[in-house]
Structures are given as structure tokens and as C-alpha cells.
Amino acid sequence: MIADDQQLQVTMDRITWFQWQVVSLRRTEANPANYRAASAGFLAEIDRMQREVREYLSLHPADAVGAT
Amino acid sequence: MPLPPFIDGDLPPGVYPVTLAEALDRFGQGSAQRRTVGARLARIYRLAASAGRLARFVVFGSFVTAKADPRDVDVVLLMEDSFDLTAAPGEVAIVFDHAAADAQLGASIFWACRSGAFGGEQAFVEYWQARREGGRRGIIEIVPGGT
């Protein structure tokens, strides 16, 4: 769970890195089965982190004080 | 090379090469949960190595910290570019299926072939030191020998 704006930035940076990792796989992996399997893990983690970001951003800072 | 002591519950930043036996000796002891997760790590390593194309095997996350009861083990693999998942037998293939590995092996496993490592192989490995809270903490790389 993201607790503050610093962790928000870390998570957003991490999402970007994971996305570029999938791009790297897409550009280099000639084996479709390898690509589907390898990318799935990174994409699942991207989804998880984006849910965390959405959850954090859905709260006004005043709401977040009581929520954490 | 012996592993350094924890600093505030984490290894100091770095990628530390250890054998599986050394990793289990340092991190697979203590609570029942830790021993269970250590056994999972051993199984995963042996399955990944049995594919015959394992290039690098890195363990990161709470298992390589002082946390008493890590929930699972976090692993990232680099395979040789000649690796073909379709040629892997059933149990081995589970290692390379992120969802199945989580459900059946109790592990979060990421992987790529060497040429697909973003930023290059070493930068890719070193990235996994990143903490979700910011900053970096040390991780281990399982190397052959002493298993």
C-alpha cells in the first residue's frame, strides 16, 4: 500500500521500468511462447502497482490520514 | 565470500553471489515459515537449473532480509537466449508461468532471456535491489556449487 507521495513516485517509476522491460522483451524475443510467458509476469506486476496508485490517488489527503 | 550482516534488517546494497547451500544456511533457518520458504527456493532453483539454460538466478525481497516470516520468495531469472519454453517438461514449465508459480510454488518469479534484459544484463540484475519504499537493499545471486 502506498503511504505517501514519495512512495507514489517510487511506484510510478517502477511501473515505467517494468513497462520498458516488456518493450525490451517484445523487441528481442523471437519465440512467441517465451514472450507470452515472460511478459505475463511483468504485466501482472504492472497491473498490481497501478491498482495501488489508483487506490492512493482516489483519496484526498485529508481522507488518506484516517485510511492509513 | 561471506554475506555481510544486516543493516536495519536489510543486506547492504549489492548483488551477493552465494551457493544454494549458503543461501539456505543464512536465510532458510529460524521460523517454520522461513524453513518452508527456503524449501520452496531450493525446489525452484533445481527446477530452473534442470532446464539446462539457466544463466542467472537472483533472489530479492523479504526472504533475503531479517523478516521473521516472509510470505513467499521473490525470484528473477535470466535464461540463455537458446531457451525454449515449449521444450520444458510440465513441472519445469511452472517456474516460467508467473501465476502458476505463485499458486503452486509459493513464489513470485520474473524471467527473461539474456538479450531481453532491459538496460543490459547487469543493470537488469542490479535493478532488483530497488525497494518499494525507495532506496536499495542487497540481494543474492545463487551460483552453482555446494548444493
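Author: Happy to, and please keep in mind that this is a predicted model. Let me start with a residue of chain B and then turn to the interface. B:Asp8 is exposed, because its relative accessibility is 80%. This residue sits in the segment that comes before β1 (15-18) of chain B. Its phi is positive, about 55 degrees, although B:Asp8 is not a glycine. As background, most residues other than glycine have a negative phi.

Now to the meeting of the chains. On the chain A side, 22 residues are in contact with 22 residues of chain B. Together the two chains bury about 1900 Å², and carbon and sulfur atoms carry 61% of that. Within chain A, the residues that lose the most area to chain B are A:Arg14, A:Trp17 and A:Asn34, which together account for 29% of what that side buries.

What about the polar side of the interface? Between chain A and chain B there is one salt bridge. In it, the side chain of B:Arg132 meets that of A:Glu45, with 3.6 Å from N to O. As for the elements involved, α1 (5-28) and α2 (32-57) of chain A each supply at least two residues of the side that touches chain B. The most comes from α1(A), with 11 residues. Sorted by class, that side of chain A has 10 nonpolar, eight polar and four charged residues.

B:His98 belongs to helix α4 (residues 98-105) of chain B. With a relative accessible area of 13%, B:His98 counts as buried because the cut-off is under 20%. Leaving out residues up to four places away in sequence, B:His98 touches A:Gly41 and A:Ala44 in chain A, along with B:Ser108, B:Ile109 and B:Phe110 in its own chain. Its side chain also reaches the backbone oxygen of B:Ile109, at 2.7 Å.

Finally, a helix elsewhere in chain B. Helix α2 (residues 32-50) of chain B has 19 residues and spans 27 Å from its first C-alpha to its last, close to the 27 Å expected at 1.5 Å a residue. Buried residues in α2(B) include B:Val37, B:Leu41, B:Ile44 and B:Ala48. In an α-helix there are 3.6 residues a turn, so residues three or four places apart point the same way. After α2(B) comes B:Gly52, with a positive phi near 80 degrees.

Terms used: Residues numbered from 1 in each chain as written. Chains lettered and ligands numbered in written order. Predicted model: local features only at pLDDT ≥ 70, side-chain atom pairs only at ≥ 80, totals over all residues. Heavy atoms only, no water. Contact = heavy atoms within 4.5 Å. Buried area = accessible area lost by both parts, 1.4 Å probe. Salt bridge = Lys/Arg side-chain N within 4 Å of Asp/Glu carboxyl O. Helix = DSSP H or I, 4+ residues; strand = E, 2+ residues; numbered from the N terminus. Nonpolar A, V, L, I, M, F, W, Y, C, P; charged D, E, K, R; others polar. Expected span 1.5 Å × (residues − 1). Buried < 20%, exposed > 50% of the residue type's maximum accessible area, 1.4 Å probe, protein only. Polar contact = N/O pair within 3.5 Å; in protein donor to acceptor, adjacent residues only side chain to side chain.
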